[in-house]
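Student: I have a structure to read today. Can we go through it feature by feature?
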Amino acid sequence: MDVPFAPPGGHVLVQPTGKRKGRWSGRRTELVEKPAAYAVPRCPQFGTCGGCALQELDGAAQADARARYARAEIAAGLGLPTEDLASRVRIHDHRRSPSDYGYRNKVELTFGVRRYLSDADHAAGLPVTGRFLGFHAPGRFDRVVDAPTCDLVPDALNAVLAVTRRLLLGDDGPSIYDVRTHQGFLRHLLLRRGARTGEVLARLYTATPACDTDRDAANAWLDAVFGAALPDGRVVGASWAVSDAVADVAQGAVQASRGADRLDERLGDAVFSLSATSFFQTNTESAEVLYDAVGEALGDASGLLVDLYCGTGAIGLYLASRFDRVWASRSTPPP
Ligand SMILES: C[S@@+](CC[C@H](N)C(=O)[O-])C[C@H]1O[C@@H](n2cnc3c(N)ncnc32)[C@H](O)[C@@H]1O
């Protein structure tokens, strides 16, 4: 049975919610017994936000649980029973993220006119409709989990989020896009910070402005964010992108901007120039842990390094100093 927010090692009460392809899914209604490695989740949205569902485990137990999921996926992918995996495939020990919180270097939030409420919020009579900015609610295309802060991103990005909420979420702010009616202006917010440099990019996604008030609000946001004082970083660029596409994804043509359209990030000795949207591992510290593991797995190999599916070339560049030549390849398949 698939039950989100059921911490491995604990016991939960479950209300079955349906069966698909022969597999039941259910909703946790109560944590009856805590797991041995229980930790108090730090995030105020825990339990309603779809991400970070393992926060009730301490960092080491979270890593163990993820390693078990990964082994099960690898076994399923190879068509092997999980118990045969260790004897058939060499899998290196898993390694933990150096940080349990504040590690995400990129986050995308969605504006919404309906929010997702927990059972307790429903019981307290909180209204569903309003002006919200947060994360997609699990299983609900039209609701967002309102997120005044996110503990997975660094303080600098929470500061930009706070500026955005203060400026745009007030009752006198511009209209918010409604994914049911496809009306409204504000759509998404994308924030990115170079963990090694503190450089921040922020992008506001909207529909086409319907009036001067919309245009003025977007320009005021550009000025406020570009000039914002941050606790651990500096906004190097802010941009406003517009799209009327029906799909609920952050995309669009840049309409106006302040500052740069790229930030610098470092992995080892390599410096990466990243746009707001380019692919990069979202946990910079973990990327180094991961690429060190790749380096160790390569042993004393030298000569030519071939980096397939290279993305921005991060693995090849990180390990380049050990090799005479790096050959990297990627293609972007048509959607
Ligand atoms: C997850 S990203 C790369 C991650 C990168 N190795 C890193 O660690 O940062 C996957 C990359 O594979 C590329 N890609 C996807 N399908 C491909 C294909 N059929 N042939 C070549 N490259 C492909 C994508 O464009 C993307 O750059």
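Tutor: Start with burial. Buried means under 20% relative accessible area, exposed over 50%, and partly exposed in between, using a 1.4 Å probe and protein chains only. One caution: this is a predicted model, where local features need pLDDT of at least 70, side-chain atom pairs count only at pLDDT 80 or more, and totals for chains, interfaces and linings use all residues. Residues are numbered from 1 along each chain as its sequence is written, and side-chain values use heavy atoms, with hydrogens and water left out.

Student: Is H188 buried or exposed?

Tutor: H188 has a relative accessible area of 1%, so it is buried. H188 sits in strand β6. Strands here are DSSP runs of E, at least two residues; helices are runs of H or I, at least four; both are numbered from the N terminus.

Student: Which residues is H188 in contact with?

Tutor: Contact means heavy atoms within 4.5 Å. Leaving aside neighbours within four places in sequence, H188 is in contact with residues including E108, F111, R203, Y205 and D248.

Student: What joins the side chains of H188 and D248?

Tutor: A polar contact of 3.4 Å. Such a contact is a pair of N or O atoms within 3.5 Å; within protein, one must be able to donate a hydrogen and the other to accept it, and residues adjacent in sequence count only if both atoms are side-chain atoms.

Student: How do I read a nonpolar core?

Tutor: In soluble globular proteins, nonpolar side chains tend to be buried together. A nonpolar core is a set of buried Ala, Val, Leu, Ile, Met, Phe, Trp, Tyr and Cys residues joined through side-chain atoms within 4.5 Å. The largest one here has 39 residues, and L109, W221 and V225 are among those that touch the most other members. Helix α4 gives the largest share of this core, 6 residues. A second, separate core has 20 residues, including Y205 and L267.

Student: What does V225 touch?

Tutor: Not counting residues up to four places away in sequence, V225 touches V160, V163, T164, A202, V235 and A238.

Student: Which residues are around the ligand?

Tutor: Near means that a heavy atom of the residue lies within 4 Å of the molecule. The residues around the ligand include F279, Y309, G311 and R330. A backbone N or O atom of Y309 lies 3.1 Å from a ligand nitrogen. A polar side-chain atom of R330 is 3.4 Å from a ligand oxygen.
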